[in-house]
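This briefing goes with the sequence and structure shown below. Keep both in view while reading the points that follow.

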Amino acid sequence: MCIRITFTNRSALTYRTYEASTQVITLPSSLPDEVVEIAVRAVLDKLAVPQALAGARCHCGAAIRLLPRIPEQRRSAQVSHHGA
Ligand SMILES: [Zn+2]
């Protein structure tokens, strides 16, 4: 199973940034797009996952997709609107 990224509106005190059992990194949805990659890389660095010069890498070496950003509580609505 690969590391996934989710965004949440919940208070930072109510969730773990990295949940080892599900390999999910959770970031605040207020985080600007331009720093999401930096934040993800910082989390992965703390987990001792080697990072390339650009992008974010899973521990298996695969690139982690950072976009599109889908807040967890709107996931189903977002998918049905994602046509064209
Ligand atoms: Zn992986």
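Which residue just after α1 takes a positive phi? Ala48 does, with a phi of about 65°. The model is predicted, and the points below go from the whole chain to single residues.

**Overall make-up and confidence**

- The protein chain holds two helices and three strands, and from the N terminus on these elements run β-β-β-α-α.
- Of the 84 residues of the protein chain, 10% count as buried.
- Among contacts between residues at least 6 apart in sequence, 32% join residues at least 24 apart.
- The mean pLDDT of the protein chain is 85, and 79% of the residues reach 70 or more.
- Among the elements, β2 has the highest mean pLDDT, at 95, while α2 has the lowest, at 54.
- Where pLDDT is low, the predicted coordinates should not be read in detail.

**The sheet**

- Three strands make up an open sheet with mixed pairing, in the order β1-β3-β2.
- The edge strands are β1 (4-8) and β2 (18-19), each of which pairs on one side only.
- Helix α1 (residues 33-46) packs on this sheet and touches β1, β2 and β3; the direction of α1 makes about 135° with that of β3.
- Strands of a sheet pair through backbone hydrogen bonds, either parallel or antiparallel.
- β1 and β3 run parallel and are joined by five bridges; in this pairing, Thr8 has Pro28 in β3 as its bridge partner.
- β2 pairs with β3 (residues 24-28) in the antiparallel sense, over two bridges, and Tyr18 stands opposite Ile25 in β3.
- β2 and β3 form a hairpin with four residues between them.

**The helix α1**

- α1 has 14 residues and reaches 21 Å from its first C-alpha to its last.
- That span is close to the 20 Å expected at 1.5 Å a residue.

**The nonpolar core**

- Seven residues form the largest nonpolar core: Ile3, Ile5, Ile25, Leu27, Val40, Leu44 and Ala56.
- The elements that give two or more residues to this core are β3 and α1.
- Leaving aside residues up to four places away in sequence, Ile3 touches Gln23, Ile25, Cys58, His59 and Ile64.

- Most residues other than glycine have a negative phi, and most peptide bonds are trans.
- Gln23 has a phi near 55°, a positive value in a residue other than glycine.
- Gln23 is found in the loop between β2 and β3.
- Ala48 lies in the loop between α1 and α2 and counts as exposed because it has 7 C-beta neighbours inside 10 Å.

**Other loop residues**

- Arg16 is in the loop between β1 and β2.
- Arg16 counts as exposed because it has 11 C-beta neighbours inside 10 Å.
- Arg16 and Thr26 are ten residues apart in sequence, and 7.0 Å separates them in space, C-alpha to C-alpha.
- Pro50 has its place in the loop between α1 and α2.
- With 9 C-beta neighbours inside 10 Å, Pro50 counts as exposed.
- Pro50 and Cys60 are ten residues apart in sequence and lie 9.8 Å apart in space, C-alpha to C-alpha.
- Ala63 lies in the loop between α1 and α2 (75-80).
- Is Ala63 buried or exposed? Ala63 is exposed, because 12 other C-beta atoms lie within 10 Å, and the limit for an exposed residue is 12 or fewer.
- Not counting residues up to four places away in sequence, Ala63 touches Gly55 and Arg57.
- Ala63 and Cys2 are 61 residues apart in sequence, with 9.8 Å between them in space, C-alpha to C-alpha.

Methods:
Residues numbered from 1 in each chain as written. Predicted model: local features only at pLDDT ≥ 70, side-chain atom pairs only at ≥ 80, totals over all residues. Pairing = 2+ DSSP bridges. Contact = placed C-beta atoms within 7 Å. Axes fitted to C-alpha atoms, helices over the stretch in contact; angles between N-to-C directions. Core = buried A, V, L, I, M, F, W, Y, C linked by C-beta atoms within 7 Å. Buried ≥ 20, exposed ≤ 12 C-beta atoms within 10 Å, placed from the backbone. Expected span 1.5 Å × (residues − 1). pLDDT = per-residue confidence, 0-100.
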